[in-house]
Structure formats: structure tokens, C-alpha cells
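This report describes parts of a predicted model.

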Amino acid sequence: MKQFFSLCVLCLLLATALPAYGDIARPKPSPQKSRIVLHTSLTIVPDNKAYEARLQISQSSLQELRAALADTPTNPTMAQAITHSSTRTMLAGVFMFLSLAFAGIWLARSGQTRSQKIVVALLMATAMISAAAILTRANAGPPGSYLWRKLPQNLGKGTPTYGGIDIEIVPDSNDGSGMKLIIPQRPN
Amino acid sequence: MERTANIELAAWRSSEAALVVNRQLSVRVFASILLACALLSAVLASWVPLQISIVTVFLFAGPHNWFELRYFLMRLPVRFGKSRNFFLVAFAGIGFLTLTYISLPVLYSFGLWTGEAWSTILATWNTLLLLWLGVLVWLRGKQKSRRDWSWAFAATLGLVSLNWLQPEFFSLAIVYLHPLIALWFLDRHLRRTRPAWLRAYHRCLCLLPILIAGMVWKSSQAAALPDDNGLFWRITQHAGAQLLPNVSSHLLVSIHVFLEMLHYGVWLIALPLIARLAKPANGESPSTPRIGGSIWDLKTLPLARHPRGFPKLIAAMLVFGLFVVAALWFGFSRDYSTTRDVYFTVAIAHVLAEAPFLLKML
């Protein structure tokens with residue numbers, strides 16, 4: 001009797017699941033957010049012979065930007081996909097490190113034959129090369145504000161400053177300004 | 001006396017020869033059926049992939065899950081004994097991972113996260129799945145005194161690392177690899193019940209890459225499949241057309257449908273047929289799976305046959321499974337697209353359940 005009752009309750013639950021899901025309120029539309037479509041670098045060079053400021057964009061960067069602006073579905077390469085997410089790349093590196101560590105412990109504990117050693121050496125070499133590639137692609141480094149911190153002094157000295165830059169597409173502003181270059185500055 | 005002995009020996013030799021001939025004949029019949037099914041599946045999947053995908057999922061998705069449930073119940077011991085921790089981890093993982101997987105499309109419908117955040121969520125779920133598998137392999141290895149399976153952690157973490165690089169591709173790999181697990185089940189089952197067929201089966205498996213290569217050669221230059229309606233779009237997306245835009249969607253759907261057909265064939269035809277053909281072992285105990293009975297015979301399940309078993313619960317589960325199969329058919333006939341979406345979301349439970357039962361057979 002109890003089993004029959006449980007079965008009936010389960011059937012009732014399943015039967016009411018879809019109508020209940022149908023009653024869920026429509027989610028509020030999320031406000032239109034700005035999105036980063038391209039990450040590139042920017043070098044600010046003071047030039048005392050120039051009359052106009054110029055933003056020089058390389059041909060390849062322009063093509064990437066054009067593709068992003070057209071919102072065309074591009075097929076990013078493996079390397080591009082990895083570099084677009086440093087969080088995922090870092091986690092991949094951490095798990096790769098853990099994998100190698102566990103593999104080392106397993107090797108140390110298990111008896112090794114000669115062929116096993118060769119296979120392990122090959123695997124370790126492959127893993128090390130992969131890890132090095134990931135670290136190179138991870139774009140790990142200091143935050144942007146650190147690279148731009150000497151910009152005022154460099155401008156005064158007339159020396160170039162190198163740092164990363166994001167090209168961001170934002171909704172049109174009311175003040176009519178077309179482009180805005182935001183340089184991160186931290187108070188000393 | 002000597003003449004009588006000679007007659008008996010001659011009779012024994014003739015019966016032995018007949019057995020050998022019968023065995024060779026049955027192996028040939030088995031291999032022929034396998035090849036015919038594989039070839040027919042490959043031809044149909046290459047010819048009209050979308051239509052075959054719709055028909056096969058409609059007809060076989062529910063029944064093959066019922067057969068899997070019955071098979072798993074057959075392999076489940078009455079008392080877990082030393083495998084208690086293994087089964088506890090297995091069932092807890094199946095429950096947790098299924099619930100979280102089902103909640104993903106519900107959360108997606110609210111539009112709370114960006115595409116990048118979804119990749120992270122997907123990678124997190126894949127990580128939990130892999131860690132669960134790693135723990136299961138390790139627990140299973142602890143039951144094997146001769147083998148050291150502690151390499152599982154290194155392999156698991158290596159796979160987790162790859163998953164974090166491309167979580168979407170990792171999920172797509174599960175879609176394509178899951179049907180092949182059925183072939184592994186068949187291998188282990190033959191090893192136990194029909195070892196004489198194993199060699200022929202392995203030879204047939206060698207033809208699988210050749211068939212797939214033939215499908216790639218035929219379909220790689222084919223025009224992309226029409227995905228102008230919701231259903232066709234879902235089928236092509238499921239096969240990975242969005243993730244692999246440079247690969248013909250005709251090829252992707254063809255191979256996916258072909259593997260799915262093999263998967264259904266193993267669970268619906270091969271394993272039940274072998275179970276019927278196999279002779280019951282002598283001196284079997286109530287706790288061992290009994291082979292050779294009808295699929296409706298509850299006595300073939302140790303959980304129902306054992307004095308300490310649960311015959312009513314098992315019968316209720318199987319009857320409820322039949323009810324779900326009928327409900328799926330009804331849903332497919334009313335709204336195929338929605339039912340297909342719901343099915344492939346909920347069906348993650350049977351994908352997960354295959355892992356512990358396969359490990360127990362290794």
C-alpha cells in the first residue's frame with residue numbers, strides 16, 4: 001500500500017512538473033551591457049614633429065575589429081580561444097600541474113620496467129611542452145595599471161610607454177564624444 | 001565391452017564435432033548479423049541522416065533506456081558488501097550530477113550569465129563529472145589486489161585540464177563517445193557468457209573505423225543539412241555543427257546517428273539476444289545474475305530472486321519504466337522537438353549510470 005502511494009505521489013509530481021515550470025515568470029530583460037570585442041596593445045609615443053594625434057591600427061588588428069563590428073560568426077583558433085579566457089587557462093594550468101604531480105607520485109610508488117620508463121619520459125616531455133605553451137599563452141603578467149603607472153613621467157621625458165589595451169564598444173554617449181582612451185592610474 | 005566403449009567414444013566424438021560445427025556456425029551468424037547491422041546503419045545514416053535521427057530516437061530512445069535499467073538491475077548485487085563505498089559514491093554522483101545537469105538549461109533560460117560565464121559553468125560540471133569518474137576508478141582499483149589503478153587520478157586531472165581549455169568540445173566528445181560505451185559493455189558481456197564469439201566481435205570492431213572513414217569520405221563534401229526549422233537546427237547543434245563550422249553538418253549528423261544506432265542495437269538486440277542464447281551456468285547461487293531467461297522473468301534478477309531481495313520494488317521499477325517509455329512515445333507524437341530536448345537532458349542519468357556498472361565488469 002505504501003509503495004502504491006509512493007508511486008502515485010511520484011506520478012503526480014511528474015505530471016505537475018511541466019505546468020509548474022510553465023508558470024515561471026518571464027525573466028526581466030537584462031540591460032544592454034558593453035562588451036569587449038578585441039584585446040590588443042597600445043604604445044603611446046610622444047612626437048614633437050607631429051601636428052595631429054594619430055591612432056595607428058595594424059592591418060590584422062583592423063580586420064579582426066571589422067569582423068567583430070560586423071558581428072560575424074568567426075571561428076577562433078585554439079590559441080585565440082584560450083587567450084580569451086585567462087581564468088580558464090589558469091585553471092587548466094593548475095590541473096595540469098596536479099596531474100603531473102599525481103603521475104609522479106604514482107610512478108614513484110609503482111615498479112618500473114624499461115619500456116614503462118620510456119613511455120613515462122615521453123609523456124612527461126609532452127606534458128611539459130604543453131604546460132609551457134599554456135603558460136606562454138596565458139598572458140600572465142602584472143595588472144594594466146602597473147604598466148601604465150609611469151605614463152606621466154614618460155610623457156614628460158619623451159620616452160614611450162607600453163601597456164595592454166581593450167577596445168570596447170559602448171552605447172553612444174550624450175556628450176557627443178566619439179572615442180575615449182582611459183588610462184588606469186593609481187594614486188601613489 | 002571394448003566394442004561398447006568404442007561405440008560410446010565414437011558417439012562422443014561425433015557429438016563433439018557437431019558442437020564445434022554449431023559453435024563455428026553460431027559465430028558466423030553472430031558476425032554476419034553484426035556486420036549487416038553496422039553496414040545498414042552506416043548506409044541509412046549517410047543517406048538520410050536527419051530523418052533517420054528522428055525515427056530512431058522516436059522508436060528506440062525509451063526502450064533502450066528500459067533495457068539498460070533492466071541490465072543494471074541484473075548486475076546490481078543484493079548486498080553491497082565490500083563494494084558499499086563504491087556504490088554509495090556511484091549513486092550519490094549520479095543523483096547530484098543529473099540534478100545539476102538538468103538545472104543548467106533552466107538557469108540558461110533566465111539569461112543571467114554571459115557566454116564566457118557559461119563556458120566556465122560547463123567546465124565546472126565537466127570537472128565534477130571527471131573527478132567522480134576518477135574516484136570510482138580508484139575505488140574499483142582498491143578491490144583489485146593485482147592491479148594498481150591509482151594512475152586514475154593523474155589521468156583524470158589531465159583530462160580536467162584539457163576540459164578547461166575547451167569545455168564545449170569536451171561536452172561534444174561525450175556526445176560522440178557515449179554510444180561507444182555500449183560496445184565496451186558488449187565486449188565484457190561476451191567475455192563472460194560467449195568467449196568463443198569474442199574474436200569475431202573484435203574483428204568486426206576493427207571494421208568500425210573503416211566504416212567511419214567511408215562515411216567521412218562520402219559526406220565530407222556534402223552540402224550542409226537544412227537547419228531552417230527548429231527540429232533540424234536542434235539535431236545539427238546536438239551533433240556539433242555550431243562548434244565545428246568548417247565540418248559538413250551532413251557528416252556530423254551522419255556519424256552521430258550511426259553511433260547512436262549501434263548503441264541502440266547493442267542494448268536492444270545484441271545483449272538481450274545473447275542473454276537468451278546463453279546457457280545457465282551450473283550451480284549458480286541466488287546472488288549471481290541468471291542468464292537464459294525471458295526479459296519479463298523477474299527470477300533472472302538477483303535482486304528479485306534472492307530471499308532477502310526486493311521483488312515488488314523491482315517489479316514496480318520495471319513497470320514504471322514501461323510507463324515512462326509509453327509517455328515518451330506519447331510526448332514524441334505530440335511535440336517531438338520539446339520531448340527530444342527534455343529526453344536528451346534527462347538521459348544524462350543513463351549516461352552516468354553506465355560508468356559504475358561498466359567499472360564493476362572490468
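## Helix H11 of chain B

How many residues does helix H11 of chain B have, and what is its reach from first C-alpha to last? H11 of chain B (residues 311-334) has 24 residues and reaches 35 Å, close to the 34 Å expected at 1.5 Å a residue. The expected span is 1.5 Å times one less than the number of residues. Helices (H or I, at least four residues) and strands (E, at least two) are DSSP runs, numbered from the N terminus.

Among the residues of H11(B) that are buried are Ile314(B), Leu318(B), Val325(B) and Phe332(B). Buried means under 20% relative accessible area, exposed over 50% and partly exposed in between, with a 1.4 Å probe and protein chains only. Their cover includes helices H2 (49-75), H10 (302-305) and H12 (336-346) of chain B.

## Helices H8 and H12 of chain B

Helix H8 (residues 230-238) of chain B packs against H12(B) at an angle of about 25°, and the axes are 9 Å apart. H8(B) and H12(B) are therefore roughly parallel to each other (angles under 35 degrees count as roughly parallel, over 145 as roughly antiparallel, 65 to 115 as roughly perpendicular and the rest as oblique). Axes are lines fitted to C-alpha atoms, for helices over the stretch in contact, and angles run from 0 to 180 degrees between N-to-C directions.

## Chain A

Chain A has 7 helices and 2 strands, in the order α-β-α-α-α-α-α-α-β along the sequence. Of its 188 residues, 17% are buried.

## Basis

Residues are numbered from 1 along each chain as its sequence is written, and chains are lettered from A and ligands numbered from 1 in the order in which they are written. In this predicted model local features need pLDDT of at least 70, side-chain atom pairs count only at pLDDT 80 or more, and totals for chains, interfaces and linings use all residues, while side-chain values use heavy atoms, with hydrogens and water left out.

Methods
Contact = heavy atoms within 4.5 Å.
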